[in-house]
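Student: Could you take me closely through one part of this model, the place where its two chains come together?

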2 protein chains.
Amino acid sequence: MNTSSLRIGIIGTGAIGGFYGLMLARAGFDVHFLLRSEFDAVSEHGMRIESAVHGTLQMPVQAYADVADMPPCDWLLVGTKTTSNAEMAPIIAKAAASDGKVVLLQNGLGVEKGMRPLLPENLHLLGGLCFICVHREAPGVVRHQALGAVNLGYHSGPAADAVVRQNIAEAGADLFREAGIDSKAMANLAQARWQKLVWNVPYNGLSVVLGGSTTPLMADPQSRELIQALMAEVVEGARSCGHAMPEGYAEQLFSMTEKMPDYWPSMYHDFVQKRPLELASIYAEPLARARKAGCSLPRIEALYQELAFIDRHNR
Amino acid sequence: MNTSSLRIGIIGTGAIGGFYGLMLARAGFDVHFLLRSEFDAVSEHGMRIESAVHGTLQMPVQAYADVADMPPCDWLLVGTKTTSNAEMAPIIAKAAASDGKVVLLQNGLGVEKGMRPLLPENLHLLGGLCFICVHREAPGVVRHQALGAVNLGYHSGPAADAVVRQNIAEAGADLFREAGIDSKAMANLAQARWQKLVWNVPYNGLSVVLGGSTTPLMADPQSRELIQALMAEVVEGARSCGHAMPEGYAEQLFSMTEKMPDYWPSMYHDFVQKRPLELASIYAEPLARARKAGCSLPRIEALYQELAFIDRHNR
């Protein structure tokens with residue numbers, strides 16, 4: 001691949017956009033960052049990753065405050081919150097080249113379905129699942145604690161043929177791999193999104209409700225039981241929607257979390273910053289899909305109802 | 001009844017013991033209050049109820065710091081936390097007359113079963129369910145917001161005959177009624193305790209987890225749904241243990257709560273004061289009984305696991 005001819009745009013330069021964008025820029029890609037509140041800081045000082053894996057990486061970047069100033073990008077990586085997708089769609093459309101590929105690096109279900117009608121038909125839409133412990137520490141500064149893999153799947157767009165769709169996902173995974181990031185193309189995006197929920201549903205929600213990061217949540221016998229019960233309900237919900245998980249998948253995520261450094265999930269940061277919580281994509285949509293398939297997930301529903309109350313009183 | 005010949009002891013002069021003890025004293029009963037941290041304040045200033053129903057009631061009372069100084073009491077009303085029952089049992093035994101009646105004015109299941117082996121066999125043990133919005137506002141000062149009924153049931157003791165047992169419960173209810181308090185003797189204490197849980201399980205737990213009193217909990221659509229779902233699980237658990245609720249019982253408690261003044265349940269006060277939460281009697285014991293009867297209560301279990309985590313990190 002001739003990396004020099006490709007243009008990559010980063011929409012939403014928080015922890016996720018900042019980390020992957022800067023890793024791609026370091027690898028020699030032509031990366032353009034659209035920023036809002038952090039524009040001044042990043043224009044002046046560049047961006048910095050403080051990584052437990054890669055060390056410290058500080059670089060000047062091509063930063064924009066207005067999408068009208070950006071050149072058309074072949075790939076757009078979207079790391080904004082799902083709660084602002086409707087507002088971001090016209091911005092993404094403006095930043096994209098005519099056959100651009102838009103990758104939603106977001107959690108939960110239904111994010112592509114919601115974005116699709118808001119984007120021009122000529123744009124390819126993909127989903128990306130990030131397995132990474134990362135958070136924004138200060139304007140332009142991202143702390144990377146562990147992991148980093150990104151798995152991509154094609155959702156919708158001009159490519160109708162399954163082989164072409166998979167090739168586009170593979171091309172996306174190639175970009176990440178060239179930047180030293182573990183990445184896979186996935187044939188079944190919906191299945192992959194359900195799999196990611198096995199982690200997000202318990203840890204995101206409980207970090208807010210219990211005010212606990214992963215280490216205390218994994219240390220207490222009762223919260224461990226609850227995490228395992230919530231994970232089992234996600235697996236059950238996925239199965240009801242036709243997405244059987246690999247054997248032992250939940251157990252594997254559970255023991256992976258035990259080995260992780262202490263981590264505050266993104267929803268906790270959203271809560272503390274009084275931002276809207278990503279409840280629609282992580283809770284409401286999976287619950288609705290399972291319900292439609294005749295499957296009741298009482299613990300997830302209870303957790304969602306608690307979070308909805310907390311979210312409404314937090315703003 | 002010759003009220004002057006009866007001696008009533010109040011063990012645990014918090015909100016519940018303070019309110020009912022002072023109402024009984026006002027009615028002319030010979031009431032003796034065992035106090036701990038509030039002894040000095042109550043000895044000096046007496047006790048005060050500030051009641052939305054009865055107005056302000058301030059009286060000197062017979063206060064004791066040491067059970068050894070109390071005269072033997074015919075009736076003992078126990079308003080301490082269930083979490084300290086093992087510690088209170090020898091104190092109760094010392095304060096009781098030889099055929100004394102001990103009434104546990106406490107919430108949850110299994111409190112009499114736990115207390116019984118710790119009391120002498122000659123003592124009668126009863127349970128009492130208080131339907132009241134009351135809290136301790138300062139040493140010796142109780143704020144009474146609404147309601148007030150007490151229902152009593154015989155649990156165990158020298159009275160083997162059902163008629164005699166019911167007569168003792170009736171005699172207890174008579175005391176309260178003479179003090180102007182709505183009171184009934186119940187033939188089935190276990191059933192009554194399950195019925196009280198229909199209120200305690202949702203509101204006590206959610207007040208802690210969501211940091212909300214009854215008014216916001218009843219105003220939010222999602223917490224309303226969660227309260228109703230939790231109530232339905234208590235009804236289900238009770239039925240599995242052979243205690244069918246009256247038709248529409250949960251709906252009735254739900255709409256009663258809507259009409260109540262804004263209220264912080266006792267568990268919230270315990271949480272704020274960093275006291276142990278009454279999780280064993282209100283959550284663990286009902287869950288264990290339902291489980292033994294083959295009944296799973298997933299939302300109550302999840303709430304219990306959250307509360308157990310919160311309680312452990314609160315002290």
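Tutor: What follows is a look at the interface between the two chains.

This is a predicted model, in which local features need pLDDT of at least 70 and side-chain atom pairs count only at pLDDT 80 or more, whereas totals for chains, interfaces and linings use all residues. Residues are numbered from 1 along each chain as its sequence is written, chains are lettered from A in the order in which they are written, and side-chain values use heavy atoms, with hydrogens and water left out.

Across the interface, 24 residues of chain A are in contact with 24 residues of chain B, where contact means heavy atoms within 4.5 Å. Because 100% of the interface residues of chain A are also interface residues in chain B, the copies meet through the same surface.

The area buried between chain A and chain B is about 2,200 Å², and carbon and sulfur atoms give 58% of it; buried area here is the accessible area (1.4 Å probe) that two parts lose on being put together, summed over both. Of the area that chain A buries against chain B, Q222(A), Q305(A) and F309(A) supply 30%, more than any other three residues.
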